[in-house]
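Here is a short report for a first look at this structure. Please view the sequence and the model side by side as you read.

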Amino acid sequence: MTIRMLERFLGAPVEDHPGGVSPDVSIAFALDGGYLELFKVCLRSLAHSGNFLDCPIVLYTDDPTVLDDPVVKEVVDRPVLLGGARRDVLHGLAETSVRHRDRASWNRGTFLKWAVFEPQPTRRLVFLDVDMIFLRRFDTALLDAATAPFSCCPQFRQSMTKSDDGELLAANVRLANFHDALAGRYTGKLCTNVNSGLMVLDGAFLTDAFFDEITEFAAQKRQINEQLHFTSYFMDRPEELRMMTAGYNFQETYLIRTSWKDQQALLKSID
């Protein structure tokens, strides 16, 4: 089932958003039972904003209870319960390839998204974290902006709001930094540090071979989190990475570091 067909669950029609993107694009999610309700909110937000209405839905989980949920059963076109060697590899990385081993359960959840690196029934795939909400229609613009086989947005940096000694930057400086991010005017690590909460993938990244390659790469070094493995991987492959404007994945914890008035202005440029 596609999002456009969710009317019976949502209690509100979505047909007033014509002209959805090509169904040759899948939208994918990865979650355990703790994020199940957020997944439903995410779907509702996509429907309300008119995004990816006609695209097949793929869901990855290592929690069998997720696939028993009636909404999941009804709406997900391709439910994937991880098992065997692929699950063991990802669970192993959660234990050994990040520095905070005491957060193994959290790490397993973040590495679940790596399961998307396999052949898909569509040419392109958009991965979305389930703790996202969407303010307006952006799907066509996103796909147009995703000009590399791995396209994403940057992980925000503390330097956008604080000085090197931890002091809060002046309000006008913070606001200017956010406007630069929304315009894609990146400097420093904003050019390279991947936020994997939104990824647009195609080509060689939707293969079993890439799953093997990236998991083997991550096994060689411990990072602070899962996302920094991607950052490190693309340091030698910059032509394969496209850092899109931050409006497609703006981190709310940074938005609230501005005044209420500035937040309202910034939201007009955030999708």
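## The second largest pocket

Twelve names make up the lining of the second largest pocket: Arg157, Ser159, Met160, Asn177, Asp180, Ala181, Arg185, Tyr186, Thr187, Gly188, Lys189 and Leu190. The model is predicted. The space in this pocket comes to about 170 Å³.

What kinds of residues form the lining of the second largest pocket? It divides into 4 nonpolar, 4 polar and 4 charged residues. Arg157, Asp180, Arg185 and Lys189 belong to the lining and count as charged.

## Asn51

Look next at a loop. Asn51 sits between helix H2 (36–49) and strand S2 (57–61). Is Asn51 buried or exposed? Its relative accessible area is 0%, so Asn51 is buried.

The side chain of Asn51 has polar contacts with backbone atoms. One is with the backbone oxygen of Arg136, at 3.0 Å. Another is with the backbone nitrogen of Phe138, at 2.8 Å.

## Thr215

Now turn to a helix. Thr215 is part of helix H9, which covers residues 208–218. Thr215 has a relative accessible area of 6%. That is under 20%, so Thr215 counts as buried.

Which residues does Thr215 contact, leaving aside neighbours within four places in sequence? They are Val89, Leu90, Leu93 and Trp114.

Definitions and conventions. Residues numbered from 1 in each chain as written. Predicted model: local features only at pLDDT ≥ 70, side-chain atom pairs only at ≥ 80, totals over all residues. Heavy atoms only, no water. Helix = DSSP H or I, 4+ residues; strand = E, 2+ residues; numbered from the N terminus. Buried < 20%, exposed > 50% of the residue type's maximum accessible area, 1.4 Å probe, protein only. Polar contact = N/O pair within 3.5 Å; in protein donor to acceptor, adjacent residues only side chain to side chain. 1 Å grid on protein atoms, 1.4 Å probe; cavity = no way out; pocket = protein on both sides within 12 Å on 5 of 7 lines; lining within 4 Å. Points joined across faces, edges and corners; volume = space filled by probe spheres on them. Contact = heavy atoms within 4.5 Å.
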